[in-house]
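Please walk through this model one region at a time. Keep the sequence and the structure side by side.

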Amino acid sequence: MNRRVAVTGIGVVAPGGIGAKAFWDLLSAGRTATRGITLFDPVGLRSRIAAECDFDPADHGLDPDLSRHADRYIQFAVVAAGEAVRDAGLDTDAEDPWRVAVSLGSAVGGTTRLEHDYVLVSEGGRRWDVDHRAADPKLHMAFSPSTLSSVVAEQFGARGPVQTVSTGCTSGLDAVGYAFHTIAEGRADVCISGASDSPISPITMACFDAIKATSPDNDDPEHASRPFDNNRNGFVMGEGAAVLVLEEYEHARARGAHIYCEIGGYATFGNAYHMTGLTGEGLEMSRAIDSTLDQARLDPTLIDYVNAHGSGTRQNDRHETAAVKRSLGSHAYDTPMSSIKSMVGHSLGAIGAIEVAACVLALKHQVVPPTANYETPDPECDLDYVPRTARPRKLRNVLSVGSGFGGFQSAVLLTRSGGRTR
Amino acid sequence: MSTERPRRAVVTGIGVIAPNGQRADAYWKSVREGLGVLDRITREGCEDLPLKVAGEVRGFDASTLIEDRFLVQTDRFSHYTMAAAQLALDDAGLPRENPEEPFEIGVVTAAGSGGGEFGQRELQKLWSQGSKFVGPYQSIAWFYAASTGQISIRSGLKGPCGVVASDEAGGLDAIALAARGVRRGTGAVLVGAAEAPLAPYSMVCQLGYPELSTVEDPDRAYRPFTAGACGFVPAEGGAVLVVEDESRARDRGAAVRAVVAGHGATFTGASRWEKSREGLARAIRVALDEAGCAPEEVDVVFADALGVPEADRAEALAIADALGAHATRVPVTAPKTGIGRAYCGAPVLDTAAAVFALEHGVVPPTPNVFDICHDLDLVMSRARPAELRTALVLSRGLMGSNAALVVRRGDESAR
Amino acid sequence: MITTALTFDELSTLMKQAAGVTVDARELEKAPDAPFTTLGLDSLGLLGIVGELENRYSVALPTDAERCKTPGEFVGLVNNALRTGV
């Protein structure tokens with residue numbers, strides 16, 4: 001069984017503004033939401049900057065229990081899912097609950113809360129034999145990564161397959177990909193899918209400090225995230241969530257839903273190379289791209305835009321440039337490829353879903369979001385990175401690609417042409 | 001129009017690192033004999049916690065299975081998973097590294113707790129000494145994707161790689177993910193889960209589960225389906241399977257040990273055990289339907305067996321709802337009462353036991369359980385010989401997932 | 001003024017501690033130009049060793065330290081930095 005899968009709703013919680021509209025306003029204006037960290041005192045860290053969400057759970061009508069006890073990344077997901085379901089005009093009470101699925105990704109899950117309580121039970125890190133009496137009785141909710149999908153499924157009455165995906169920085173793309181398979185292969189008709197992370201905490205910032213992956217441009221946070229620019233010096237941490245309502249095409253049509261686009265294909269491969277390193281050839285990412293094109297029976301020359309992983313590390317930007325050239329051939333030079341991480345930072349597992357949401361909005365508005373802060377070309381990265389200013393363009397087929405620690409290389413194809421053009 | 005037979009996903013290799021055995025055959029021997037190994041927790045720093053009993057993997061000799069550097073660079077949960085993966089590759093007769101067609105083989109793991117012990121050590125350095133004392137491996141050792149990534153890199157496997165970060169049922173979801181990947185075209189997938197939740201802070205995190213047993217007598221701490229059911233006991237370890245395309249396996253002369261025939265998954269809410277009756281029954285029906293298998297064809301059920309009275313009742317009723325009159329006749333077993341519940345690893349271990357049970361025509365017993373208060377034919381005390389063609393493996397997670405997997409004997413010809 | 005110098009002995013110990021890589025000190029000394037990668041030490045491992053030395057001696061080593069390809073190059077660079085206090 002291979003059924004068509006439509007995108008019918010979008011919800012976003014991103015740095016720079018809550019909601020899909022605020023998110024698109026930021027992207028289309030080429031503004032950056034990176035700043036000095038305010039969520040905790042980052043003194044002593046090498047990288048003290050991040051793209052933070054100005055998020056108050058009280059503003060979003062979360063029930064008191066969620067407002068008070070749920071982790072920030074779960075609150076993000078519930079708010080984004082709520083917006084997506086409303087946007088889709090989906091009456092969850094009217095759906096067969098066993099045919100509604102959830103597929104959400106997160107790279108680090110409840111880490112922030114786990115760290116918070118760790119400090120309490122260990123007397124500030126002095127004890128290995130921690131004292132359980134100081135811990136929050138609901139700490140298991142931070143410990144279990146499936147809490148994310150469980151809480152969202154509960155909120156929207158989903159009773160079908162409920163999964164949490166955690167493939168590092170491709171979690172968001174893979175969660176959307178798993179959702180695509182779940183619907184295409186007939187295991188559900190609707191899937192609430194996306195990803196969320198709130199990793200701006202001392203331990204996560206410190207662990208990226210330790211491998212010098214994050215930008216130390218603490219004096220100029222607005223311009224610190226510079227994917228593809230020759231003077232880039234690492235990624236800027238972010239946080240946020242994006243959720244899409246995916247739906248079987250005829251199911252969406254039957255209820256008169258607005259269809260943004262379809263998922264044309266999804267693939268993921270391992271690079272089997274290094275937990276954090278990337279090759280210069282991009283063979284595995286290219287293979288993922290090729291596979292999505294095959295699934296949609298789409299010629300590579302019909303790709304109109306590539307939303308890059310574009311983290312702003314030298315090895316990533318070169319790897320990815322090579323992968324896209326390998327798959328699109330000379331058409332790569334005519335294809336705009338931008339990184340929204342320049343504006344909203346890198347929210348680890350969430351960003352893949354946020355980038356898919358950006359692609360859906362790009363298709364809707366027929367505008368390519370730019371790579372902010374791109375000034376100085378890198379001779380080894382010679383594609384069109386859409387410097388600084390958004391660009392109107394006829395868009396039908398759009399690719400979102402990502403790489404993650406652990407070697408994951410994923411691609412999602414979004415299409416308004418229905419694919420099948422070869 | 002294609003008249004090709006659909007691809008079938010079969011099990012060709014099993015690797016186990018469990019509290020009761022550190023190879024698949026050692027594990028099966030213990031399971032078959034109904035050996036109970038639950039015992040006092042001996043890990044440093046856990047002495048004063050109210051959780052006293054668990055299934056520990058003891059005497060794990062990592063050095064024969066994985067290189068020293070992984071002992072420093074990864075958490076214990078990855079040590080177990082990598083070791084089990086190595087054993088599974090060996091068992092399947094696949095090369096330990098760099099296969100000829102790297103894109104043909106993928107890796108999928110399920111993870112329910114990540115690298116908690118490693119993480120606690122780094123948290124301690126951060127908060128007692130400062131951020132500069134956090135080591136570089138924290139960025140790749142704690143997160144849920146660590147084991148999949150390390151296995152893929154170590155063995156040179158470039159096929160589709162995935163991670164289900166889940167509650168217990170995620171172990172079966174991962175197997176299903178692998179089987180579907182194989183049906184879609186991947187040659188083989190190393191799939192499984194192993195967990196290491198027995199470090200001080202990880203244990204503190206688990207204390208909030210209302211289903212956790214804190215009974216201090218190892219023989220009485222985990223007795224599902226009995227009047228004395230008082231919750232579950234956690235365990236570490238797990239299993240990895242090689243799930244492979246049947247024709248690929250036959251072409252290379254590998255033994256087809258079982259067929260992964262069907263899977264169903266539903267969600268009925270965290271700790272709402274009464275509701276899991278309907279969810280589990282539906283998962284069973286979906287799995288049987290996918291397998292093209294009638295309820296009467298199920299020859300043995302590997303129960304979830306949570307050990308919470310309400311949950312045990314819901315499971316017994318779910319089996320009755322889904323299998324009808326056959327439910328009172330089909331033998332049911334829960335070998336995990338001898339070792340505890342290794343979170344995502346638990347249902348993968350059960351699946352491994354199911355494969356052995358099909359091969360040997362034996363239903364293993366349910367250790368420590370002697371007198372049940374539900375209408376089930378639970379196999380107790382000693383193993384029961386039986387002609388087995390089809391096994392049903394059930395799992396429910398503490399966050400509300402229900403899953404069922406149908407596994408059939410490898411020599412059953414494709415219909 | 002720091003008088004301590006990094007020896008191959010210490011580097012061998014650090015490689016073991018920080019990255020779990022066992023290479024005999026004499027082997028390092030005999031073949032100081034053998035690449036770290038062939039000895040089994042990856043970029044993260046070297047970062048860990050740099051961090052350990054920085055914490056131990058309370059100095060910041062030059063960023064070139066983590067880019068060294070061989071034990072010989074690394075020991076030379078670190079000792080030079082410790083001597084000059086850079």
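This is a predicted model: local features need pLDDT of at least 70, side-chain atom pairs count only at pLDDT 80 or more; totals for chains, interfaces and linings use all residues.

Residues are numbered from 1 along each chain as its sequence is written, while chains are lettered from A and ligands numbered from 1 in the order in which they are written.

Start with chain B. It is divided into domain 1 (9-251) and domain 2 (258-409), with bounds from an automatic or database domain assignment. Their centres, taken over C-alpha atoms, are 21 Å apart. Domain 1 of chain B puts 64 residues into the contact and domain 2 of chain B puts in 57; contact means C-beta atoms, placed from the backbone, within 7 Å.

Turn to chain A. The axes of helix α7 (residues 171-184) and helix α13 (residues 351-365) come within 5 Å and cross at roughly 65 degrees. Helices here are DSSP runs (H or I, at least four residues), numbered from the N terminus. Axes are lines fitted to C-alpha atoms over the stretch in contact, and angles run from 0 to 180 degrees between N-to-C directions. α7(A) and α13(A) are therefore roughly perpendicular, a term covering 65 to 115 degrees.

Finish in chain C. Glu54(C) lies in helix α4 (residues 43-57). Beyond four places in sequence, Glu54(C) touches Lys132(B), Val59(C), Ala60(C) and Leu61(C).

How values were computed
Helices (H or I, at least four residues) and strands (E, at least two) are DSSP runs, numbered from the N terminus. Two residues are in contact if their C-beta atoms, placed from the backbone, lie within 7 Å. Angles under 35 degrees count as roughly parallel, over 145 as roughly antiparallel, 65 to 115 as roughly perpendicular and the rest as oblique.
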